[in-house]
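Here is a short walk through one structure.

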Amino acid sequence: MTRPDPRKTAALSAALSGAVDLGALKARADAARTAAATPAPAGDAPAPDNGSAPWIVDVTEASFQAVVEQSLQVPVVVLLGASYSPESQQLAASLTRFATASGGSWILARVDLETAPRIGQAFGVQSVPTTVAVAAGQPIDAFAGPIADAELSEWIARLLDALRERLPGIRAGEARAGGVPVAEDEVVEDPRIVAAEEAFERGDYVAAQGYYSEILASEPGNELAKEGLAQARFAERAEAVDPAVIAKADAAPEDIDAQLAAADAQVAGQMVGEAFSRLVETVRRVYGEDRDRVRQHLVGLFELFPADDPRVAAARRKLASALY
């Protein structure tokens with residue numbers, strides 16, 4: 001499971017609240033339509049959804065404002081991606097799957113920044129994919145990069161829970177989908193997991209590791225604790241890593257510490273395939289304890305992602321080849 005870094009999420013959401021000028025974007029789109037010589041049907045209608053549910057739309061600069069206006073009724077989740085980005089395609093597939101089953105309790109607006117760059121500029125996008133939740137015409141939450149389906153589902157659920165009483169279309173969509181929200185007092189959460197997650201979200205990764213380790217001491221098969229411990233360990237390392245270590249590692253392939261730190265920096269920077277390849281190649285070059293150390297580090301990075309992630313599967317095959 002891959003969890004958004006709460007510090008980066010908060011910073012991104014705050015930045016978006018000041019960066020997004022929907023009025024300016026609409027004015028530019030209006031100007032573009034006015035400049036078009038060929039008469040066309042209403043340009044503000046959402047773009048065709050390519051056979052998907054009607055609450056899944058591929059957005060253009062001309063149709064974006066009309067889609068965002070629907071956030072007065074339901075949340076609009078804007079996926080800002082690019083066709084060249086495998087991570088964007090991965091996240092788009094997951095969001096599309098969840099949106100299809102949502103009954104229209106929220107709208108998925110897919111934006112290809114290669115063809116609609118001004119939408120990305122309006123949101124101040126720094127990397128793809130970036131996902132932004134919009135309600136009542138304003139961005140209210142966001143995260144950068146792909147995340148695992150379990151975490152994505154939780155993010156959507158929290159979004160709907162926070163807005164259900166304010167946006168009338170959410171309950172109608174949930175009824176259409178046949179889902180009945182569970183009352184808060186019916187949800188039973190493991191207080192140990194809650195404590196660990198709270199520690200993680202306030203950036204106390206050492207405390208989070210302690211909570212997860214205590215759970216695993218008595219319940220070795222607890223998958224949530226295993227995933228959480230891997231995330232907390234990585235977050236602690238990633239917080240301290242200097243991105244400049246990548247260049248250092250490239251210049252000194254024999255420096256094992258630099259290779260491990262560079263792989264962490266690359267994963268943190270969404271260069272997952274590059275990080276896996278770096279460590280597989282390091283395994284090929286070293287022997288004995290060094291080889292086992294690099295292998296263990298790489299396996300630890302695998303645990304940050306779903307088992308069926310194609311990047312993990314490919315790297316596992318390469319690692320097996322390098323070892324045997």
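Contact here means heavy atoms within 4.5 Å. The model is predicted.

Start with helix 13, residues 272-285, and helix 14, residues 288-302. Their axes come within 9 Å and cross at roughly 160°. Angles over 145 degrees count as roughly antiparallel, so helix 13 and helix 14 are roughly antiparallel to each other. The crossing of helix 13 past helix 14 is left-handed.

Which residues meet there? On the helix 13 side they are Phe 276, Leu 279, Val 280, Thr 282, Val 283 and Arg 284. On the helix 14 side they are Arg 291, Val 294, Arg 295, His 297, Leu 298, Leu 301 and Phe 302. Eight residues of this contact are nonpolar, two are polar and three are charged.

Now turn to the charges. The whole structure holds 15 salt bridges. One of them joins Arg 192 and Glu 219, with the closest N and O atoms 2.7 Å apart. Arg 192 sits in helix 8 and Glu 219 in the loop between helix 9 and helix 10, so the pair ties together parts 27 residues apart in sequence. Arg 192 is partly exposed at 32% relative accessibility. Glu 219 is partly exposed too, at 30%.

Arg 237 and Asp 264 form another salt bridge, 2.7 Å from N to O. This pair links helix 10 to helix 12. Arg 237 is partly exposed, whereas Asp 264 is buried at 4%.

Helix 13 returns in the next pair. Asp 250 bridges to Arg 278 at 2.8 Å. Asp 250 lies in helix 11 and Arg 278 in helix 13. Arg 278 is buried, at 12%.

Finally, Glu 87, Asp 309 and Arg 311 are linked in a network of salt bridges.

Key: Residues are numbered from 1 along each chain as its sequence is written. This is a predicted model: local features need pLDDT of at least 70, side-chain atom pairs count only at pLDDT 80 or more; totals for chains, interfaces and linings use all residues. Side-chain values use heavy atoms; hydrogens and water are left out. Axes are lines fitted to C-alpha atoms, for helices over the stretch in contact, and angles run from 0 to 180 degrees between N-to-C directions. Helices (H or I, at least four residues) and strands (E, at least two) are DSSP runs, numbered from the N terminus. Angles under 35 degrees count as roughly parallel, over 145 as roughly antiparallel, 65 to 115 as roughly perpendicular and the rest as oblique. A crossing is left-handed if the near helix is turned anticlockwise from the far one by less than a right angle, and right-handed if clockwise. Ala, Val, Leu, Ile, Met, Phe, Trp, Tyr, Cys and Pro count as nonpolar, Asp, Glu, Lys and Arg as charged, and the others, Gly among them, as polar. A salt bridge is a side-chain nitrogen of Lys or Arg within 4 Å of a carboxyl oxygen of Asp or Glu. Buried means under 20% relative accessible area, exposed over 50%, partly exposed in between (1.4 Å probe, protein chains only).
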